[in-house]
Amino acid sequence: MTKRILIVGGGYVGLYTALRLERKLRRRLGRGEVELTIVDPESYMTYQPFLPEAAAGNLEPRHVTIPLRRALKHTRLIVGRVTSIDHAQHTARVEIVEGEDWPVRYDLLVVALGSVSRTLPVPGLAENGIGFKTIEEAIHLRNRVLGLLDRAASTRDPDECRRSLTYVVVGGGFAGVEALAELADMTEDALRYLPELPAKPRWVLVEATGRILPEVGEEMGRYTVDELRRQGIEVLLNTRLESAENCRIVLSDGQEFDAATLVWTAGVKPHPMLRDTDLPLDEKGRVKTEPTLTVEGHRDVFAAGDNAAVPDLTDPGAFCAPNAQHAVRQAKVLADNIVATLTGQQLKPYRHAYAGSVASLGLHRGVAQVYGVKLRGLPAWFMHRTYHLARVPTFNRKVRVMADWTLALFFHREMVALGRLQNPYEEFRLAAGRKQGTLTAAESAQTAKEPAQPSAEATSARASS
Ligand SMILES: Cc1cc2nc3c(=O)[nH]c(=O)nc-3n(C[C@H](O)[C@H](O)[C@H](O)COP(=O)(O)OP(=O)(O)OC[C@H]3O[C@@H](n4cnc5c(N)ncnc54)[C@H](O)[C@@H]3O)c2cc1C
């Protein structure tokens with residue numbers, strides 16, 4: 001009888017697990033003894049560490065995504081959203097579009113949903129903030145930042161100019177620091193084309209604790225603060241965002257100012273869909289797993305990555321941190337343990353001591369701590385690029401990323417704000433004599449299918465068009 005393996009989520013864990021299973025189970029897949037299915041709302045995996053470079057225009061956004069159909073030759077892809085899992089019935093429900101929802105049966109399940117931004121009930125945050133976890137957010141931010149530079153250069157209102165030129169990033173982890181450093185670098189580059197700009201862009205990093213980039217250690221974290229400040233970025237430690245209503249930023253240190261852009265990267269939480277499953281969750285909402293990556297109490301369910309509480313065998317009592325380093329390595333062990341389950345062999349535990357981290361702080365600047373070796377500046381930046389080039393999946397993407405970087409050596413990055421990408425129907429609607437703000441049938445259909453976007457999206461589309 002065919003064994004049906006269902007992978008929920010086609011990110012790091014999902015893609016790497018499927019790639020390894022395709023290799024290890026090639027003959028069984030060919031004979032129809034095993035069937036591999038992956039479900040993801042997108043038909044591509046996003047290589048998240050490259051998002052800051054995509055946002056800053058050093059990399060073409062499509063090159064930081066890996067098309068699942070092309071990468072996985074022997075896996076069936078369902079582009080849809082898993083809305084619930086009833087493991088007692090070995091069934092996941094998949095929503096393709098609103099109103100079309102069907103069950104997918106499985107024998108073995110891999111839960112690889114990752115995480116979502118962890119928000120707090122800060123007034124105005126949901127309306128005016130944007131996260132930094134998806135390629136769409138990266139593209140949007142690039143257009144928004146460039147669009148606001150254009151607006152600041154054109155407006156005659158000094159308040160509007162100041163507001164447009166103020167960018168706030170909340171959260172001093174990987175995502176926040178790299179996004180801020182790369183985007184600030186991009187605005188610096190853009191200034192050469194904007195001699196009429198009356199003021200310099202203001203970049204503010206707000207971090208609730210006393211340090212940033214904990215992944216690179218305390219000393220390198222301090223170096224990062226100094227380096228960012230040297231670049232003119234305001235780094236506010238031990239400071240919280242209290243309110244962001246009407247784009248008025250209120251901080252816990254008493255500062256108040258207007259900012260047209262607010263990026264929220266203050267941590268992640270496990271995917272909320274896990275609550276619609278009958279799998280065991282811990283108090284943080286992560287799926288509880290054994291060191292073998294099987295879910296507690298279930299030999300036929302596996303979980304890994306950001307959505308799983310995987311015991312860290314190198315640090316008894318602790319759990320593996322949510323990062324790509326663990327996700328990739330866990331996927332390898334997970335795939336091997338699925339093969340062991342199918343062949344009746346013993347499962348192996350996951351054990352990996354965190355090797356350290358590398359982060360980019362803009363062009364030719366970086367910080368790293370790997371196996372205790374501390375690097376800063378150009379060597380760290382070079383290491384960041386080399387490491388991620390080696391890591392990005394598929395030969396195709398490695399070549400394209402390399403080509404983007406090589407071209408960037410000879411030509412400056414593109415500084416065009418394509419803000420209308422968010423509202424492509426507008427131009428034709430005006431040509432057809434329709435009132436602004438009326439939805440076309442196509443838009444209505446699109447809106448019905450898509451989840452609600454934060455209103456900042458709409459604000460931005462107006463801002464940058
Ligand atoms: C900007 C940024 C930079 C980063 N840089 C680094 C770095 O330098 N080093 C490092 O170690 N880590 C880094 N990380 C963290 C790293 O990317 C994550 O830890 C890693 O992606 C986790 O892998 P995952 O498979 O658990 O989740 P993901 O890779 O996020 O995959 C989850 C998948 O589930 C899919 N999904 C969501 N909902 C559903 C649903 N309902 N049904 C089906 N599928 C669904 C998603 O579309 C996604 O494809 C960074 C993260 C960000 C955001």
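Modeller: Contact here means heavy atoms within 4.5 Å. The model is predicted.

Biologist: Which residues does Pro52 touch, not counting residues up to four places away in sequence?

Modeller: Pro52 belongs to helix α3, which spans residues 51–55. Its relative accessible area is 4%, so Pro52 is buried. Leaving out residues up to four places away in sequence, the contacts of Pro52 are Phe132, Glu178, Ala179 and Glu182.

Biologist: How far apart in space are Pro52 and Arg142, C-alpha to C-alpha?

Modeller: In sequence, 90 residues separate Pro52 and Arg142. In space, the C-alpha to C-alpha separation of this pair is 9.6 Å.

Biologist: How many disulfides are there?

Modeller: A disulfide needs two cysteine sulfur atoms within 2.5 Å. By this rule the structure has zero disulfides. For Cys161, the nearest cysteine sulfur is that of Cys247, 16 Å away, and Cys161 is in no disulfide. Cys247 is likewise in no disulfide, with the sulfur of Cys161 as its nearest at 16 Å, and the count is zero.

Biologist: Is Cys247 buried or exposed?

Modeller: Buried means a relative accessible area under 20%. Cys247 has a relative accessible area of 10%, so Cys247 is buried.

Biologist: What is the bridge partner of Val367 in β25?

Modeller: Strand β24 covers residues 366–370 and strand β25 covers residues 373–376. The two strands pair in the antiparallel sense over four bridges. Within β25, Val367 is bridged to Arg376.

Biologist: Which residue takes a positive phi in the hairpin of β24 and β25?

Modeller: This hairpin has two residues between the strands. The residue with a positive phi, near 45°, is Tyr371.

Key:
Residues numbered from 1 in each chain as written. Predicted model: local features only at pLDDT ≥ 70, side-chain atom pairs only at ≥ 80, totals over all residues. Heavy atoms only, no water. Buried < 20%, exposed > 50% of the residue type's maximum accessible area, 1.4 Å probe, protein only. Pairing = 2+ DSSP bridges.
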